[in-house]
Structure formats: C-alpha cells, structure tokens
Amino acid sequence: MGLLDKLVACLRLRRRDVNVLCLGLDNSGKSTIIDRLKPAGAQVQEITPTIGFNVEKFSTVSLSFTVFDMSGQGRYRYLWEHYYKDAHAIIFVIDSADKLRIVVAKEELETLLIHPDIKHRQIPILFFANKMDLKDVMSSGMLTQILRLYNIQTKPWFLCLCSALTGEGLLEGMEWLQDRIIEEMKRK
Ligand code: G3D
C-alpha cells in the first residue's frame, strides 16, 4: 500500500468508481495509452489488438477507474453505444499523424455526439491527440478545425497533445479529466 493509499484509508475516504470509455479509430493508440496509465507493475509488454473491447482498472487518490477500451475496428464500432449510458467520461483518441483517416474519426465523433445517451449530457470528453512524437503530425489548431471541436458547446472538452510512446501529455490529460469528473459528481 502506497503512502497516499494509506492516507486515504486513514481518512476513510472511499474512492468513487467511475466508468470511462476509450474510443477512437483502430491503431490510434488506445491500448497503448491505457497501458501507460496503469501502475508500472501492471503494464503489459505485448499489446494485442482489441477485439470487441477490453476492460482495465486502475486508481488515483480519489477515483477508481474502470476503462473500457473499445475496439476501433469498423466492424466493432457498433458496440460503443451500448456503453454510453453508464459512462462518466469519454477519452477519444486521435492518431495525429493519420491524415487519411481523420475524416473517418470526425464522422465517428459526430455519431457519438448526436447519440441520445450522450447528446444532452454534460459528459466530459478528453481528446488525446496521440503520436505527437512523429514528424508531420496535424497541429492542435488543425485538429480543432477538422473535427469541429468548437461546435461542442454543452460538454467540457479538452484537446491534449500526447505521445503514448514517450508518455508526454498523458498525465496532464488525465488530471483534467479527473477534475471534470469530480466537478460533475459534486454538481449532482
Ligand atoms: P489501438 O488500441 O487504438 O488500436 P494501439 O492502437 O495501442 O494498438 O497502437 C497502434 C500502433 O500505434 C502500435 O504500433 C503502437 O505502438 C503505436 N503507437 C501508439 N501510440 C503511439 C505514439 O504515441 N507514438 C507512436 N509513434 N506510435 C504509437 P504497432 O507497430 O505495434 O502496430
């Protein structure tokens, strides 16, 4: 048990359980990101492509995350919507180097945003613009334009540049997401 865990136990604070959906096209880096977010000992060396979905669990001081790593392969994307209702937050991963399929990512995002279980909720969406370690990636301005993120006015969202390979940006994004989830819980 780490120091913070002991402190939480001493203060008898209970971590709140939250469900987070990790969405995005196949090959965008969802599994690699989730693997990076897990405690060091739990990291797996070989990451197999997600068939259907995987479930991963990890905790921070105040939240206990269950992350649904949803397969981005076209034939499995229909599964996503079954998990919208119980989700407290969404992580949408973008391959910032994939200029060909960014339009497909935009269409998937649009479908997500108009879904009845998402449309009227203030569910936070963290966009991880992944693979920033590569050359010739799309900038945050470009991604905001192409994905029309400025049209998302009823939900808190954040476009976070990151690299699952180096770990850069992941913590910043997760801190933002955690704060929004806690804010939303307090609001209810
Ligand atoms: P998915 O779960 O969204 O399908 P994966 O994607 O996590 O399986 O990653 C797909 C490929 O992208 C993997 O390469 C992985 O190593 C690579 N990748 C993930 N994140 C990054 C990143 O930030 N930078 C770079 N350069 N590559 C990344 P392979 O070769 O195993 O297919």
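Reader: Where does Ser 163 sit relative to the ligand?
Author: This is a predicted model. In it, an oxygen atom of the ligand is 3.4 Å from an N or O atom in the side chain of Ser 163.

Reader: How much of the ligand does the protein cover?
Author: On its own, the ligand has 660 Å² of accessible area. The protein covers 68% of that.

Reader: What about Thr 32 and the ligand?
Author: Here the side chain is involved too. An N or O atom of the Thr 32 side chain is 2.5 Å from an oxygen atom of the ligand.

Reader: And Asn 27, what part of that residue faces a ligand oxygen?
Author: The backbone. A polar backbone atom of Asn 27 is 2.8 Å from an oxygen atom of the ligand.

Reader: Which residues come nearest to the ligand?
Author: Asn 27, Lys 30, Ser 31, Thr 32 and Asp 133. They belong to a set of 15 residues around the ligand.

Reader: How does that shell divide into nonpolar, polar and charged?
Author: Four residues are nonpolar, seven are polar and four are charged.

Reader: Which element gives the most to the shell?
Author: H2 does, with three residues.

Reader: Let's step back. How many helices and strands are there?
Author: The chain has six helices and six strands. Along the sequence, the pattern reads α-β-α-β-β-β-α-α-β-α-β-α.

Reader: How much of the chain is buried?
Author: Buried residues make up 46% of the chain, which has 188 residues.

Reader: New topic. How many salt bridges are there?
Author: The structure holds nine.

Reader: Start with Lys 38. What does its side chain meet?
Author: Asp 35 is one of its partners, in a salt bridge of 3.7 Å, N to O. Glu 56 is another, and that salt bridge spans 3.1 Å, N to O.

Reader: What does the pair of Glu 56 and Lys 38 tie together?
Author: Parts that are 18 residues apart in sequence. Glu 56 lies in strand E2, residues 53-59. Lys 38 is in the loop between helix H2 (30-37) and E2.

Reader: Are those residues buried or exposed?
Author: Lys 38 is buried, at a relative accessible area of 9%. Asp 35 is buried as well, at 8%. Glu 56 is partly exposed, at 23%.

Reader: Why can such side chains pair at all?
Author: Side chains of opposite charge can do this when their charged atoms come close.

Reader: What does Arg 180 form a salt bridge with?
Author: Glu 183. Their closest N and O atoms are 2.9 Å apart.

Reader: How are Arg 180 and Glu 183 placed in helix H6?
Author: They are three residues apart in H6, which covers residues 170-187, so about one helical turn separates them. Arg 180 counts as buried because its relative accessibility is 18%, and the cut-off is under 20%. Glu 183 is partly exposed, with a relative accessible area of 45%.

Reader: Which residues do salt bridges with shared partners join into a network?
Author: Asp 26, Asp 98 and Arg 101 are joined into one network.

Reader: Now the rings. How many aromatic pairs are there?
Author: A search of the whole structure finds five. One of them is Phe 58 with Phe 65, and that pair is stacked. The centres are 5.3 Å apart, with 25 degrees between the planes.

Reader: Are Phe 58 and Phe 65 buried or exposed?
Author: Phe 58 counts as buried, at 6% relative accessibility. Phe 65 is buried too, with a relative accessible area of 1%.

Reader: What about the rings of Phe 92 and Phe 127?
Author: That pair is tilted, because the planes are at 55 degrees, with the centres 5.9 Å apart. The pair links distant parts of the chain, 35 residues apart. Phe 92 is in strand E4, residues 89-95. Phe 127 is in strand E5, residues 125-130.

Reader: How accessible are Phe 92 and Phe 127?
Author: Phe 92 counts as buried, at 1% relative accessibility. Phe 127 is buried, with a relative accessible area of 0%.

Conventions. Residues numbered from 1 in each chain as written. Predicted model: local features only at pLDDT ≥ 70, side-chain atom pairs only at ≥ 80, totals over all residues. Heavy atoms only, no water. Salt bridge = Lys/Arg side-chain N within 4 Å of Asp/Glu carboxyl O. Buried < 20%, exposed > 50% of the residue type's maximum accessible area, 1.4 Å probe, protein only. Helix = DSSP H or I, 4+ residues; strand = E, 2+ residues; numbered from the N terminus. Near = heavy atom within 4 Å. Polar contact = N/O pair within 3.5 Å; in protein donor to acceptor, adjacent residues only side chain to side chain. Areas by Shrake-Rupley, 256 points an atom, 1.4 Å probe, with all protein chains shown as cover. Nonpolar A, V, L, I, M, F, W, Y, C, P; charged D, E, K, R; others polar. Phe/Tyr/Trp six-rings, centres within 6.5 Å; stacked < 30°, edge-to-face > 60°.
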